[in-house]
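Here are my notes on this model. Please read them with the structure open.

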Amino acid sequence: MSGTRPPSARRIADALVAECGRTYAEEAGIRLRDTPQPLYQLLVLSLLLSARIRASVAVAAARALFDHGMRTPRTMVDATWQQRVDALGEGHYRRYDERTATQLGEGARLVLDTWRGDLRRLREEADGDRDRLMEGLRRVPGIGPAGADIFVREVQSLWPETGTWLGAKALQGAERLGLPTSPGRLARAARGHDDATFAAALVRAALDKRTVDTVTESARAR
């Protein structure tokens with residue numbers, strides 16, 4: 001309606017979290033804690049999400065891998081390449097299944113050899129430096145800049161020394177919603193909301209115009 005004031009950034013942020021406020025780790029069934037298994041599962045999910053494939057497919061593929069027992073770097077290494085391919089296929093992750101099955105095996109081996117299966121050792125190496133953390137993550141086969149971005153975005157509430165992290169895709173979601181894209185102003189709009197949850201919600205807005213429409217209408221009604 002012409003002449004109607006647009007909703008405030010705060011109302012949009014509240015509506016966004018109410019509509020789709022959950023991390024991708026939560027969607028994949030990962031109970032994220034600062035322990036080796038869920039951190040490794042987040043690494044796997046970050047690899048899958050970073051491919052040019054629908055997020056829902058990546059989440060389904062992660063769930064299938066975990067359902068088949070591939071929840072740790074050791075069980076991922078012990079699984080055969082074909083078992084990894086088959087699990088990815090169950091999640092309809094078929095376009096990249098063979099290459100990804102290889103990357104998962106190689107990546108699990110690197111995590112075992114480099115950090116003894118425990119990504120908290122990578123955290124210690126980074127010593128609060130987000131760039132060093134991302135550099136370490138990119139050593140894992142299949143984890144490029146996008147995968148490292150996803151991991152840090154999802155783990156930031158658990159590892160707060162990384163600082164608030166949104167990444168390019170979340171900022172794209174903010175722009176679509178009419179939210180400020182400067183980190184300071186966006187942080188003020190999101191005050192009181194979990195950083196990882198809010199960042200994931202922004203990504204969902206970037207990936208789905210219907211989410212933008214729903215959130216905007218909800219914010220107007222508040």
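1. Which residues of helix α9 (residues 130-137) are buried? The model is predicted, and in it the buried residues are L133, M134, G136 and L137. Viewed down the axis of α9, these buried residues fall within an arc of 160°, so they line one face of the helix.

2. Now the other side of α9. The face turned away from the buried side carries D131 and E135, and these residues are exposed.

3. What covers the buried residues of α9? The cover includes α3 (36-49), α7 (97-115), α8 (120-126) and α10.

4. Check the N-terminal end of α9, which is capped by D129. A side-chain oxygen of D129 lies 2.9 Å from the backbone nitrogen of D131. D131 is also one of the exposed residues on the face turned away from the buried side.

5. Next, the largest pocket. Its volume is about 660 Å³. The lining has 26 residues, and L49, A55, K169, V203 and L207 are the closest to the pocket centre.

6. Which elements give two or more residues to this lining? They are α2 (24-27), α4 (55-67), α10 (145-155), α11 (167-177) and α13 (195-207). The largest share, five residues, comes from α10.

7. Last, the lining by class. The largest pocket is lined by 13 nonpolar, four polar and nine charged residues.

Key. Residues are numbered from 1 along each chain as its sequence is written. This is a predicted model: local features need pLDDT of at least 70, side-chain atom pairs count only at pLDDT 80 or more; totals for chains, interfaces and linings use all residues. Side-chain values use heavy atoms; hydrogens and water are left out. On a 1 Å grid over the protein atoms alone, a cavity is a set of points where a 1.4 Å probe fits but cannot get out, and a pocket is an open set with protein on both sides within 12 Å along at least five of seven lines; lining residues have an atom within 4 Å of a point. Grid points are joined across faces, edges and corners, and a volume is the space filled by probe spheres set on the points. Helices (H or I, at least four residues) and strands (E, at least two) are DSSP runs, numbered from the N terminus. Ala, Val, Leu, Ile, Met, Phe, Trp, Tyr, Cys and Pro count as nonpolar, Asp, Glu, Lys and Arg as charged, and the others, Gly among them, as polar. Buried means under 20% relative accessible area, exposed over 50%, partly exposed in between (1.4 Å probe, protein chains only). The arc is that of the directions from the helix axis to the C-beta atoms. Contact means heavy atoms within 4.5 Å. A polar contact is a pair of N or O atoms within 3.5 Å; within protein, one must be able to donate a hydrogen and the other to accept it, and residues adjacent in sequence count only if both atoms are side-chain atoms.
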